[in-house]
Amino acid sequence: MVLEVAVKAATGAPDVLGDCPFCHRVLLTLEEKKVPYKWHLINLSEKPSWLFEVSPEGKVPLAKFDGKWVPDSDVIVGILEEKYPEPSLVTPPEFSSVGSKMFGAFVKFLLSKDPNDGSEQAFLEELKALNEHLEAHGPYVAGEKVTAVDLSLAPKLYHVDVALGHFKKWSIPKDLPGLIAYKELLYARESFVKTKTAPEYVIAGWGTKVNPA
């Protein structure tokens, strides 16, 4: 049984997988669980009409379970865990919110035009907290084994690297070794190598937000 998923197509390249970190999270989960799937690439600048019938806000990712399209990466990942319990990717509850504020802080910093608005400092605080957690509990968030929280953080950290490197010439400080080792561990996983989009599509995806016309 091949699972169907609808994911973002690349900005300016509708036949190429796009840069949505939430779509990427779903693909990582499918790869880690070895679930056969096929994707439908959705061009978000020309959304097909059927998309709004199944996702009123016109958002991806979507996954088709029992003939019905289901939106929201949290919901999709939860259903995948129920339907395909092996290997388990369940994150222990006490670790499930680790790093959860990092992406919001990253977006604020990336889009900020004011170097004194505190957004860089707030983002750094989130990275430091994540680094501390990993140094105490690592190599993954919940210890030796990859879990759902890692598959949520991996695409977001990739966006941090690519987008901040390109638009702000900024990179994660070297004095956060736990975080840097974690990132390298995630990026080296077969699931990540198979499902990541090229850096230029991450840059294209953020470009319209960083420099709106």
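Which residues in α4 and α6 meet?

## The model

This is a predicted model, in which local features need pLDDT of at least 70, side-chain atom pairs count only at pLDDT 80 or more, and totals for chains, interfaces and linings use all residues. Residues are numbered from 1 along each chain as its sequence is written, and side-chain values use heavy atoms, with hydrogens and water left out.

## α4 and α6

Helices here are DSSP runs (H or I, at least four residues), numbered from the N terminus. The axes of α4 and helix α6 (residues 148-168) come within 10 Å and cross at roughly 15°. α4 is therefore roughly parallel to α6 (angles under 35 degrees). The crossing is left-handed, that is, the near helix is turned anticlockwise from the far one by less than a right angle.

On the α4 side, M102, F103, F106, F109 and L110 meet L153, K156, L157, H159, V160, A163, L164, F167 and K168 of α6; contact means heavy atoms within 4.5 Å. Eleven of the residues in this contact are nonpolar, one is polar and two are charged.

## α4 and α9

Helix α4 (residues 102-111) also has an axis that comes within 10 Å of that of helix α9 (residues 199-210), and the two cross at roughly 60°.

F103, F106, V107, L110 and L111 of α4 make the contact with W206, K209 and V210 of α9. Seven of these residues are nonpolar, none polar and one charged.

Note on methods. Axes fitted to C-alpha atoms, helices over the stretch in contact; angles between N-to-C directions. Nonpolar A, V, L, I, M, F, W, Y, C, P; charged D, E, K, R; others polar. Parallel < 35°, antiparallel > 145°, perpendicular 65-115°, else oblique.
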